[in-house]
Amino acid sequence: MSALELLTWARGSGLALALGLCLFGIILRLFEILSLGRKTDLAPARTVTPGSGWRTLLSRSLPPPGMLSRAPLTYVGGYVFHIGIAIAVFFFVPHIELIRGLLGFGWRGLPNLFVDIASIAAILAMLAVLAGRLTDPVKRFLSGKGDWLAWGLTFLPLATGYAAFHHLAENYTLLLALHILSVELLLVVLPFSKLFHVVGLFLARWYNGEIAGRKGVAS
Amino acid sequence: MESQSKNAVGAALEAAGVSRREFLGFCATLAAAYSLPGTAVDAIAAALEKAPRASVIWLSFQECTGCTESLTRSHSPTVEGLILEQVSLDYHHTLQAASGEAAEHAREEAMRAGSYLLVVDGSVPLGNPGFSTIAGVSNVDMLMETAKDAAAVIAVGTCAAYGGLPAALPNPTGAVSVSHLIKDKPVINVPGCPPIPVVITGVLAHFLTFGTLPELDHLGRPKVFYGESIHDRCYRRPFYDQGKFAETFDDEGARKGWCLYKLGCKGPVTYNACATTKWNDGVSFPIQSGHGCLGCSEPGFWDQGPFYKALSMPTASMQKAVGAAVGAGVAIGAAMAIRNKAAMTAAKAAHEPVRVEDLERKS
């Protein structure tokens with residue numbers, strides 16, 4: 001199989017397989033979570049705080065008072081790599097064309113220079129948070145295989161995408177194929193790993209915000 | 001060039017009216033293409049002038065004659081064209097005057113003389129020998145017989161290099177490339193549909209000058225011509241970097257000459273010299289004429305997804321995969337939820353309340 005054939009497979013059957021498994025896994029996990037259910041809370045709400053759950057969606061993305069100065073690497077590194085990845089994924093023109101090919105609509109992209117800067121920032125931030133996780137004894141103790149797997153699967157598409165864009169190897173076609181395959185690997189593993197937070201965090205934060213609000217700790 | 005043998009390339013060029021200035025210009029172009037220093041120009045010129053006219057046998061199999069057309073008719077005679085003409089083209093059934101047994105006799109004579117270059121255009125059908133024959137001889141038999149004593153084999157065009165259009169799915173004739181069959185000697189692939197004239201003459205000139213074959217890439221192509229992608233050498237590349245794209249073939253972006261990526265240009269994954277040497281004596285190339293690159297110098301380009309979809313777009317509809325995934329997810333998820341609910345109900349039914357007396361009871 002030549003590099004071009006591998007690329008074509010990744011754009012066709014590979015993508016269909018990865019998307020299918022990703023969607024299947026997400027639906028399965030949502031059924032699993034939602035069907036667990038909760039017992040009806042028979043106690044009256046302590047405070048009436050409509051929208052507490054929705055506000056929590058945002059408030060949990062902001063550092064609690066004092067935490068930014070206590071753990072700057074965690075917060076700044078986390079913000080930079082999440083925002084950097086979002087820019088690279090949603091504002092690089094070839095990525096927008098992929099979304100257009102899948103959903104039938106797209107939007108204007110950013111010039112490559114901006115996307116490149118965002119990608120480099122994301123890569124450096126991910127390396128920094130990895131170094132922090134490795135050197136901090138508490139974080140290291142709390143880290144399991146799932147954490148290392150999630151980091152690796154997120155870093156791989158960034159690294160291969162950067163290498164392909166900058167032609168860091170002679171065979172660009174192969175690099176591009178490996179980049180797409182690394183994204184497909186991420187999609188397949190996403191529902192069954194900690195990466196599911198891209199879906200689950202909305203449910204979890206909303207529920208926590210709502211239940212905390214009923215118990216008198218509204219956000 | 002006065003002192004050259006009548007059979008030398010230099011003498012032939014002189015007889016054809018090529019000036020010394022034109023000849024040295026061609027040598028300088030070759031030196032630049034091969035990244036040689038300026039001092040190499042004289043060496044190339046001297047070697048080419050003295051080089052005996054190499055015997056060339058040109059076999060055409062499952063092809064459209066586009067490769068020959070490209071080399072002989074794309075522009076008025078140039079030094080490149082003359083170089084090609086002045087090799088001793090002993091057999092080429094489109095161009096030679098002889099036909100029938102006389103033509104085959106010419107090929108056999110050239111083979112007997114030995115040390116010839118074998119140029120092949122077109123793919124070779126393995127499905128049935130009768131799919132393509134010349135003088136009653138199957139393509140595969142003629143190729144193997146002629147290649148046996150060839151100094152080198154040059155596969156011209158994507159069909160000869162990779163199977164090309166005849167090998168496009170479902171490949172009804174079982175078409176294969178030349179390198180699929182010849183394993184015991186170097187095969188230089190000069191792909192393209194058709195290939196650029198100066199590329200084939202450049203390969204021939206390299207062989208005549210140095211007596212060796214040029215450095216090849218992993219697909220057997222001369223690196224000097226196929227070392228960089230169309231995209232990297234494209235004059236529209238700055239527009240790609242700026243995020244300026246033609247959305248249709250007749251919108252403002254197209255009129256302004258913006259990047260054709262969104263219209264399906266395969267330049268990023270296509271390695272060829274179109275963007276640098278161009279066509280028709282350096283006049284233009286497909287992207288300059290407003291159409292994206294089709295990737296014709298890459299293996300199996302015909303089957304690598306739609307021509308008019310951006311390179312990052314899916315090559316096929318994802319509807320079936322998405323439908324199957326959602327259906328399976330809902331069905332299995334619902335079954336799992338029902339099972340969990342039943343387990344919770346059973347646990348509730350089996351629950352035994354614990355009273356204070358039970359806790360205080362001493363065993």
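Predicted model: local features only at pLDDT ≥ 70, side-chain atom pairs only at ≥ 80, totals over all residues.

Trainee: What makes residues of helix H6 (residues 93-103) of chain A count as buried, and which ones are they?

Mentor: A residue is buried if 20 or more other C-beta atoms lie within 10 Å of its own. In H6(A), A:Val93, A:Pro94, A:Ile96, A:Glu97 and A:Leu98 are buried. Just after H6(A) comes A:Gly104, with a positive phi of about 90 degrees.

Trainee: How do you know that helix H1 (residues 3-11) and helix H2 (residues 13-36) of chain A pack, and at what angle?

Mentor: Their axes are 3 Å apart, at an angle of about 35 degrees. A:Trp9, A:Ala10 and A:Arg11 of H1(A) make the contact with A:Ser13, A:Gly14 and A:Leu15 of H2(A). By type, that contact of H1(A) with H2(A) has three nonpolar residues, two polar and one charged.

Trainee: On to chain B. Why is chain B called more spread out than a compact globule?

Mentor: Compare two numbers. The globule rule gives 21 Å for 363 residues, and the radius of gyration of chain B is 30 Å. That is well over the rule, so chain B is more spread out than a compact globule. The C-alpha atoms fill a box of roughly 125 × 50 × 45 Å along the principal axes. The assignment places domain 1 at 9-225, domain 2 at 230-303 and domain 3 at 319-360. Chain B has 17 helices and nine strands, and 43% of its residues count as buried.

Trainee: What makes the five strands of chain B an open sheet, and in which order do they lie?

Mentor: The order is E2-E1-E3-E7-E9, with parallel pairing. Strand E2 (88-92) and strand E9 (187-190) of chain B are the edges, since each pairs on one side only. From one strand to the next, the twist averages 20 degrees.

Trainee: How do you know that strand E1 (55-60) of chain B pairs with E2(B)?

Mentor: Two strands pair if there are at least two bridges between them. E1(B) and E2(B) have four, and run parallel. E1(B) and strand E3 (117-121) of chain B have five, also in the parallel sense. B:Trp58 shows both pairings: its bridge partner in E2(B) is B:His92, and B:Val119 stands opposite in E3(B). Further along, strand E7 (residues 152-156) of chain B is joined to E9(B) by four bridges. There B:Ala155 stands opposite B:Asn189.

Trainee: Why is E1(B) called largely enclosed?

Mentor: Six of the six residues of E1(B) are buried, so the strand is largely enclosed by the rest of the structure. Both faces are covered. B:Ser55, B:Ile57 and B:Leu59 are buried on one side, and B:Val56, B:Trp58 and B:Ser60 on the other. Helix H6 (residues 100-113) of chain B touches E1 and E2, with its direction at about 135 degrees to that of E2(B). Helix H7 (residues 139-147) of chain B lies across E1, E3 and E7, at about 165 degrees to E1(B).

Trainee: How do you know that the bond from B:Leu169 to B:Pro170 is cis?

Mentor: Its omega is near 10 degrees. The bond from B:Cys193 to B:Pro194 is also cis, with omega near 0 degrees. Most peptide bonds are trans.

Technical notes. Residues numbered from 1 in each chain as written. Chains lettered and ligands numbered in written order. Domains from an automatic or database assignment. Helix = DSSP H or I, 4+ residues; strand = E, 2+ residues; numbered from the N terminus. Axes fitted to C-alpha atoms, helices over the stretch in contact; angles between N-to-C directions. Contact = placed C-beta atoms within 7 Å. Buried ≥ 20, exposed ≤ 12 C-beta atoms within 10 Å, placed from the backbone. Rg over C-alpha atoms; globule rule 2.2 N^0.38 Å. Nonpolar A, V, L, I, M, F, W, Y, C, P; charged D, E, K, R; others polar.
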